[in-house]
Amino acid sequence: MRELQLQGVGVGVRAVEPAAVQGADGGGAGGARDRRPRRRRGAGGLRRRVADADGELLPGVPGAGPHAGGMPPHSDYGFLTILLQDKVNGLEVRHADQWVLVDPLPGSLVVNVGDHFEMYSNGRYKSVLHRVRVNSARSRISVASLHSLPPARVIGPAPELVDDEKNPRRYMDTDFATFLDYLSSAEGQHKSFLQTRRLLTS
Ligand SMILES: O=C(O)CCC(=O)C(=O)O
Ligand SMILES: [Fe+2]
């Protein structure tokens, strides 16, 4: 049995104000008071690349445009994200070509499979595309704890999950340096990281 040691790489606390409070000018520059939603990122938290439902990257910066104040569609880069959300709706996951609300259940944590988990499981578990929408009436607070492998660790499909018949290898091996290269590459401008690691498309 293989053992993977994950480490916490950051905690993100997010406070999103209701759309109504952001003002008719969209909360942008020029308003009498800057009412843009507060965003904070924990130390070590990676700036996420944002993608549409097919994994194609969207232009623009997170928090701008139609998703202002929320979080645009993305998958989490690491292994697991453990998320505590309050009672206010906002988190949605992409399922069967639709956005599905993740109902906040009091006293529960949401565990998101990240890109590394998808690669390690050779695609059995999917790194789900998700987004956060601004609630029209209420502020929302969530705390995301990001868990990853040490940066130098190479990750690829577990050998036990790969065979020559039904389960061919679906992803290339990767590590943090590869991710950094991807961020500065031309591919990094229009594809999600997971897409660049795929050996098979189906
Ligand atoms: O605020 C949320 O519910 C989700 C946050 C999230 O997706 C993230 O931090 O990666
Ligand atoms: Fe996320």
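Colleague: What relative accessibility does glutamine 7 have?
Modeller: This is a predicted model, in which local features need pLDDT of at least 70 and side-chain atom pairs count only at pLDDT 80 or more, while totals for chains, interfaces and linings use all residues. Residues are numbered from 1 along each chain as its sequence is written, chains are lettered from A and ligands numbered from 1 in the order in which they are written, and side-chain values use heavy atoms, leaving out hydrogens and water. Glutamine 7 lies in strand E1, strands being DSSP runs (E) of at least two residues, numbered from the N terminus. Glutamine 7 counts as partly exposed, a class between buried (under 20% relative accessible area) and exposed (over 50%), with a 1.4 Å probe and protein chains only, and its value is 35%.

Colleague: How far apart in space are glutamine 7 and serine 148, C-alpha to C-alpha?
Modeller: Beyond its neighbours within four places in sequence, glutamine 7 is in contact (heavy atoms within 4.5 Å) with Leu146, His147, Ser148, Leu149, Pro150 and Pro151. Glutamine 7 and serine 148 are separated by 141 residues in sequence, yet their C-alpha to C-alpha distance is 5.4 Å.

Colleague: Which residues coordinate the iron ion (ligand 2)?
Modeller: Donors here are N, O and S atoms within 2.8 Å of the metal (3.2 Å for Na, K and Ca), and the site may look incomplete because water is not among the atoms. Along the chain the donors of the iron ion follow the spacing H-x1-D-x53-H. At 2.1 to 2.3 Å, the ion is coordinated through NE2, OD and NE2, respectively, by His74, Asp76 and His130.

Colleague: Where in the chain is histidine 130, and how many residues separate it from aspartate 76?
Modeller: Aspartate 76 is buried, at 3% relative accessible area, and histidine 130 is also buried, at 5%. Aspartate 76 sits in the loop between strand E2 (71-74) and strand E3 (80-85). Histidine 130 belongs to strand E7 (residues 130-132), and the pair links distant parts of the chain, with a separation of 54 residues.

Definitions and conventions:
Helix = DSSP H or I, 4+ residues; strand = E, 2+ residues; numbered from the N terminus.
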